[in-house]
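Hi,

Here is the structure I promised to pass on. Have a look at it first, and then read my notes below.

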Amino acid sequence: MDERKRLMQQKIKVVKQKNQRTNLMNLFPKHISSVIEKSELITSPELERILNKVHEKWNYELHKVDFAIKYSDFRKEFSWEQEVIHYVQGIDIENKLVYLLFGIGDCPIFLVDGKWALMNFSILWEHINNDDIWIISQDFSYGVLVSRYPGYLEHDPNPKEIIYAITKWGY
């Protein structure tokens with residue numbers, strides 16, 4: 001691929017990411033969308049650098065089959081949405097700007113207050129259909145990654161066959 005074509009693809013990707021901000025603002029209630037609208041936006045290629053740092057922290061094993069076993073001290077799994085909300089909202093976080101990423105297509109990263117993100121987690125999560133949400137400190141010293149996988153927990157199966165996994169570090 002020549003350089004011109006690569007740059008054009010990069011520009012298209014950034015435009016899609018910026019458009020996703022508008023889509024999210026229309027999706028969320030007004031008090032949430034106003035914060036998203038005012039937040040700093042991080043798009044490609046910086047977005048990929050940030051995501052790579054998170055994957056690097058976990059030796060590029062995040063979302064792999066053995067991750068839950070190898071990093072069990074940092075991982076919790078739940079069958080039900082309310083369990084996830086209760087757990088995440090019980091996390092104490094500094095009053096600092098954090099990276100907020102929604103796991104929906106072409107989403108940019110937003111810089112928001114960490115306490116705000118956790119306080120409004122249930123609203124954010126519900127409005128993106130309980131998809132992935134990552135909240136990560138700017139220095140990568142702490143974070144909480146909420147992910148959704150197909151499957152079920154034997155001790156508490158969800159009939160929808162969904163597992164919610166939370167990877168948390170630095171708290």
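**Salt bridges first**

E77 is partly exposed, with a relative accessible area of 32%. Here "buried" is under 20% relative accessible area, "exposed" is over 50%, and "partly exposed" is in between (1.4 Å probe, protein chains only). Before going on, note that this is a predicted model, where local features need pLDDT of at least 70, side-chain atom pairs count only at pLDDT 80 or more, and totals for chains, interfaces and linings use all residues. Residues are numbered from 1 along each chain as its sequence is written, and side-chain values use heavy atoms, with hydrogens and water left out.

Back to E77: its salt-bridge partner is R75, with the closest N and O atoms 3.2 Å apart. A salt bridge here is a side-chain nitrogen of Lys or Arg within 4 Å of a carboxyl oxygen of Asp or Glu. R75 has 12% relative accessibility, so R75 counts as buried. By that rule, the count of salt bridges comes to nine.

Another one joins D92 and K115, again with the closest N and O atoms 3.2 Å apart. D92 sits in the loop between helix 5 (81-89) and strand 3, while K115 is in helix 6 (residues 114-119), so the pair ties together parts that are 23 residues apart in sequence. Helices (H or I, at least four residues) and strands (E, at least two) are DSSP runs, numbered from the N terminus. D92 is exposed, at 62% relative accessible area, and K115 is partly exposed, at 36%.

An α-helix has 3.6 residues a turn, so residues three or four places apart point the same way. R6 is partly exposed at 39% relative accessible area, and E3 is partly exposed at 45%.

**Two helices**

Helix 1 has 25 residues and reaches 36 Å from its first C-alpha to its last, close to the 36 Å expected at 1.5 Å a residue. (The expected span is 1.5 Å times one less than the number of residues.) Its buried residues are V14, Q17, Q20, R21 and L24. What covers them includes helix 2 (30-38), strand 1, helix 3, strand 3 and strand 4.

Helix 3 has 12 residues and reaches 17 Å from first C-alpha to last, close to the 16 Å expected. Which residues of helix 3 are buried? They are L47, I50 and V54. Seen down the helix axis, the buried residues fall within an arc of 70°, so they line one face of helix 3. (The arc is that of the directions from the helix axis to the C-beta atoms.) They pack against helix 1 (3-27), strand 1 (40-42), strand 3, strand 4 (109-113), strand 5 and strand 6. Just after helix 3, N59 takes a positive phi of about 55°.

**Aromatic rings**

The structure holds 11 aromatic pairs. Rings of Phe, Tyr and Trp (its six-membered ring) pair if their centres lie within 6.5 Å; planes under 30 degrees apart count as stacked, over 60 as edge-to-face and the rest as tilted.

W58 and W169 form an edge-to-face pair, 5.6 Å centre to centre with 75° between the planes. W58 lies in the loop between helix 3 (46-57) and helix 4 (67-70), and W169 in strand 7 (residues 162-169), so the pair ties together parts that are 111 residues apart in sequence. Both W58 and W169 are buried.

The rings of Y99 and F140 have their centres 5.9 Å apart and their planes at 40°, so this pair is tilted. It links distant parts of the chain, 41 residues apart: Y99 is in strand 3, and F140 is in the loop between strand 5 (133-137) and strand 6 (143-150). Y99 is buried at 7% relative accessibility, as is F140 at 14%.

W58 also belongs to one aromatic cluster with F67, Y71, F74 and W169.

**One more spot in strand 3**

V98 is in strand 3 (residues 97-102). Is V98 buried or exposed? V98 is buried, with a relative accessible area of 0%. Leaving aside neighbours within four places in sequence, its contacts (heavy atoms within 4.5 Å) include I93, F110, I135 and Y142.

Cheers
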